[in-house]
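Me: I would like to learn how to read a protein model. Please take me through it one feature at a time.

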Amino acid sequence: MTTTSPAPAPATLRPGSARRVLRALAIASCVPYVSLKLAWISGSRVGIPEGSILLDDPGLMAALNLMTVAMDAAVVVLALLCTQRWGLAVRAWLLVLPMWVATGLLAPIMVGYPVQLAVAGPPAPAEPFLDPWVFAVVYGGFIVQGLTLGTLFALYARDRWSRVWRGRVGDPSPAPVPPAVRVAAVVASALLAAPAVVHALWLSGSTVGLPDGRTSATGDLSALEGVRLLFLAAAAAGVLMLVLRLGRALPVKAPLALAWTGSAGVCAWGGWLLLAGLLPQADPADEPTALMTLTYAGEMITGLVLGACVAVVLRRRAA
């Protein structure tokens, strides 16, 4: 996207009542999560049962809690940016990149947590981790954040960049996608087949590549593997349709939604799980295997490449 788009009509410069309500809900939904994190940083054990692995390394947990508080505080900033007059003057990448990351972190939870509850009920870890109510409070807040922030961003983007997704996939473009981008999209999409096979194996019940004693196809874990496959497919399909102009009769916003959400989910959760695996483990038996590390790293890298392809397409369409 470019930063030289024409200013929207004056009526769009002030948030209406609907946007103010969405902004208030987005900010309010951050309060339970941030409050819990700040309580834990201050030494409280609310929601943490005795023997939880979260108590094994207080220093590391405090650092991680501070990082996640900052991440959730970014939701407040983004909600304000999408509903304030000054937000229209912000450089495109300063909004689009954080929103893409936020989409990648929140969208899989929005899909996965309800599926988990429907399939197997609340997660029940084999060892103490968190009280069950914490999951409902935290993930419920994330779902509200995703719905409200996503809606606010869609309205903001409609005001500022609506021309980018007008028309159909097959419409002539004044600035075609460069061949190098098409090659990158095809190669990255093909490389997603590797993590897709791994997640399909884990979904089917295979324990190949998992630490000793860990199972993959029990209830809520199966649901998560299915969601991961869904986002991998969405990323590849959406980006290839945009870049290669497949499904020429489709409105542009359909593959754009798939490409944006899919690439963000693949990249963000691949990176998050990779980071989690690199942290010290309380039990050496829980150390991630080489296959797990390669799978998560591959998802992060290919998701980032596909996201970059989406950015090129949007810039070309905005030219």
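**Reading charged pairs and helices**

Reply: Buried means under 20% relative accessible area, exposed over 50%, and partly exposed in between, with a 1.4 Å probe and protein chains only. This is a predicted model, in which local features need pLDDT of at least 70 and side-chain atom pairs count only at pLDDT 80 or more, while totals for chains, interfaces and linings use all residues. Residues are numbered from 1 along each chain as its sequence is written, and side-chain values use heavy atoms, with hydrogens and water left out.

Me: With which residue does D159 form a salt bridge?

Reply: The general idea is that side chains of opposite charge can pair when their charged atoms come close. A salt bridge is a side-chain nitrogen of Lys or Arg within 4 Å of a carboxyl oxygen of Asp or Glu. Here D159 pairs with R158, and their closest N and O atoms are 3.8 Å apart. R158 is partly exposed, with a relative accessible area of 45%.

Me: How many salt bridges does a search of the whole structure find?

Reply: The search finds 4. One of them joins the side chains of R45 and E50, at 3.5 Å from N to O. R45 counts as partly exposed at 46% relative accessibility, and E50 is exposed at 63%.

Me: Where do R228 and E299 lie?

Reply: The side chains of R228 and E299 meet in a salt bridge of 2.3 Å, N to O. R228 lies in helix α7 (residues 220-244) and E299 in helix α9 (residues 290-318), so the pair ties together parts that are 71 residues apart in sequence. Helices here are DSSP runs of H or I with at least four residues, strands are runs of E with at least two, and both are numbered from the N terminus.

Me: Are R228 and E299 buried or exposed?

Reply: R228 is buried, with a relative accessible area of 15%, and E299 is buried too, at 1%. There is also a network: salt bridges that share partners join R19, R158 and D159.

Me: What else is R228 in contact with?

Reply: Contact means heavy atoms within 4.5 Å. Leaving aside neighbours within four places in sequence, R228 touches H199, W269, G270, L273, Y296 and E299.

Me: How do I read the packing of α1 and α4?

Reply: Two packed helices are described by the angle between their axes and the distance between the axes. Axes are lines fitted to C-alpha atoms, for helices over the stretch in contact, and angles run from 0 to 180 degrees between N-to-C directions. Helix α1 (residues 17-41) packs with helix α4 (residues 132-161) at an angle of about 145 degrees, and their axes are 9 Å apart. The residues of this contact divide into 17 nonpolar, 5 polar and 4 charged. Ala, Val, Leu, Ile, Met, Phe, Trp, Tyr, Cys and Pro count as nonpolar, Asp, Glu, Lys and Arg as charged, and the others, Gly among them, as polar.

Me: How many helices and strands does the protein chain have?

Reply: The protein chain has 9 helices and 0 strands. Of its 319 residues, 43% are buried. Among contacts with a separation of 6 or more, 83% come from residues 24 or more positions apart.
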